[in-house]
Amino acid sequence: MKIIVYLSLDPQKAKTDNLPVSLPLLEEDFENAAKNNRLDPDMIIRGLRAQIETGKKVEYYLPYFVYFLYDRARFYMNMEKFQEAREAVEEAASYKQDYRYPLHLGIIERLSGNLDRSEILLKEAIAMNSEYLPSRIELGRTLMEQSQFEEVIETCKEIMEIDPSFTLTYLLMGDAYLAIGDAKSAITLYQQALTIDHDLQSVHWRIGAAANMLQRFSLAENEFKISLSKNEGGWHVKYDLSYSLYREGKIFEAIRLLSEIQRSGVETPEVLTEMVILQKITGLYEEALETVEKGMDMEIKEEGFLLASIDVYAFNGMMNKALALVESLPSESAGPRKKLLEFEDKWQKKIDLKSFAKLIDTSRPEIKSKTEDVKNDLVSGNQVFDVTMLSILNEIIKFHGIHFYSAESSLTRSAMAFSGSIETIGLFILLYRIYFYTHALDYELEDAIEIVIPQITDISWKIGYEVAKVFESDEIIDIEDMSQKLENPVDVAKFFVSAMILENEENRTEFLKSLNTPEILITLIEMIDNQNQSGKEKD
């Protein structure tokens, strides 16, 4: 026999927790609740079920019982215990069947992967209660899972007509726009949601993701940092933020974030791939090799990781491993890397980076300080640049020629040592790869520039973006004005490409001299422009 004990509750607390002021509990549950000073949902459900079974005050207690059954169903859904969730829903419907029955079953079907059945049930719930907006939101979520994005947008518009202040509508509609690539509209909707509810969860993360799509990396950084301050999204927010920082040139901040993710125990293929790419870009070849070995132990098969791993092996002089990995890839992916490896041709000569110190103009104190640090094997975080640093590029081309990996390794390490700037690395690699494509692979100059630009965008988004604008512009380029602005790597890259695509190539050198172009720039332009070489350097 079940003994029911009635617990008297404070009316305000009862109202807040949607409980009756006289809560029925089984005797053993009452004793446990008193002993532990807490009520759990199962105690409440057992007590209400026992009360309904008595047949007394059913009309009063039944709404509470049904409410808690659906609440428990939602708990089981979150735990992915779908059978238990179904049982709770079916029990609730056995007492009273209303719109909540198809609504909860529709959610369970979606979570179980039965999207067509979910759509039918949720539409049934809406038909039973067209004013209950969460049913429409759940339908929108099912339509999102079905990639019916236009239908999601229409569903959201219907909700807005009923209640324009329902914030979840803006998030769902923003997600739909983001899915179809309209990041601008998505951001507008997310920001509208924030104007309604400043404390709404996961909105800043969404704005950051949309801003990344629009290449508005500064906005993305700000939004992701707000999201992190709210403890949203876990490691995924840090991962997305690392991409924004990388694109802004804050590559060491990005590496730090990825390291934090790894230290927290997350070493997924995407995290390791991003890490090895950034380590490779910055010349951290030994650290990159450790990341590669971790990925190999995990048997990562993603092409991006494997291609980066080939480069890392090559940069560390492990040509046999690089070639073996190339052979394991499909020919369309392996071909270009294999050709680059062949240009090394057992080249093992090294160049002392410290010897470049004498090539740089150290009249500026910050340049002198950085150069002295290099001489003394010190590493500073300062970022500096002087156009005379391009003399390093000239010397490395003379020394390494078309030995691709050896040249790029020296260029990356020297740019990082003397400049500390990702943009300088991007500038050096831009100029070297144009040289390499025209001399080693016999590309026409403009074809070489066109193919190199997206490659450089992966190193320095700023340089890639600005150079692409110059290269693709139909307007007359004011190269004379550019020649007066050679104070940073981005402007030097723009000037260099502009000079290379001048229409009157025969008088290029004389014209550039008339602009007081630095001699080292003219030398590099002439070196790249000289396509009559055989395309092979002598060892």
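The model is predicted, so local features need pLDDT of at least 70 and side-chain atom pairs count only at pLDDT 80 or more, while totals for chains, interfaces and linings use all residues. Residues are numbered from 1 along each chain as its sequence is written, and side-chain values use heavy atoms, with hydrogens and water left out.

Two packed helices are described by the angle between their axes and the distance between the axes. Helices are DSSP runs (H or I, at least four residues), numbered from the N terminus. Axes are lines fitted to C-alpha atoms, for helices over the stretch in contact, and angles run from 0 to 180 degrees between N-to-C directions. The axes of helix α4 (residues 58-78) and helix α6 (residues 100-111) cross at roughly 10° and come within 11 Å. Helix α4 is therefore roughly parallel to α6, a term for angles under 35 degrees. On the α4 side, the contact (heavy atoms within 4.5 Å) is made by Val66, Tyr67, Tyr70, Arg74 and Met77. Helix α6 contributes Arg100, Tyr101, His104, Ile107, Ile108 and Leu111. Of the residues in this contact, 8 are nonpolar, 1 is polar and 2 are charged. In this division, Ala, Val, Leu, Ile, Met, Phe, Trp, Tyr, Cys and Pro count as nonpolar, Asp, Glu, Lys and Arg as charged, and the others, Gly among them, as polar.

A salt bridge is a side-chain nitrogen of Lys or Arg within 4 Å of a carboxyl oxygen of Asp or Glu. By this rule, the count is 34 salt bridges. Accessibility is described as buried (under 20% relative accessible area), exposed (over 50%) or partly exposed (in between), with a 1.4 Å probe and protein chains only. Glu260 and Arg256 form a salt bridge with an N to O distance of 2.7 Å. These two residues lie 4 residues apart in helix α15 (residues 251-263) and are therefore separated by about one helical turn. Glu260 is partly exposed at 22% relative accessibility, as is Arg256 at 41%. In the salt bridge between Arg364 and Glu366, the closest N and O atoms are 3.1 Å apart. Arg364 is partly exposed at 31%, and Glu366 is partly exposed at 37%.

Glu408 and Arg433 also meet in a salt bridge, at 2.6 Å from N to O. This pair links distant parts of the chain, with Glu408 in helix α23 (residues 404-418) and Arg433 in helix α24 (residues 422-439), 25 residues apart. Both Glu408 and Arg433 are buried. Salt bridges with shared partners join Arg110, Glu138 and Arg141 into one network.

Glu274, in helix α16 (residues 269-281), is buried yet has no salt bridge. The nearest side chain of opposite charge is that of Arg247, 7.2 Å away; Lys and Arg count as positive and Asp and Glu as negative, and His and the chain ends are not counted. Leaving aside residues up to four places away in sequence, Glu274 touches Tyr239, Tyr243, Tyr246 and Leu258.

Positive phi values in residues other than glycine occur at Lys57, near 50°, and at Glu299, near 60°. Lys57 is placed in the loop between α3 (41-54) and α4 and is exposed, with a relative accessible area of 61%. Glu299 lies in the loop between α17 (285-297) and α18 (303-315), and Glu299 is exposed at 58%.

Terms used
Parallel < 35°, antiparallel > 145°, perpendicular 65-115°, else oblique.
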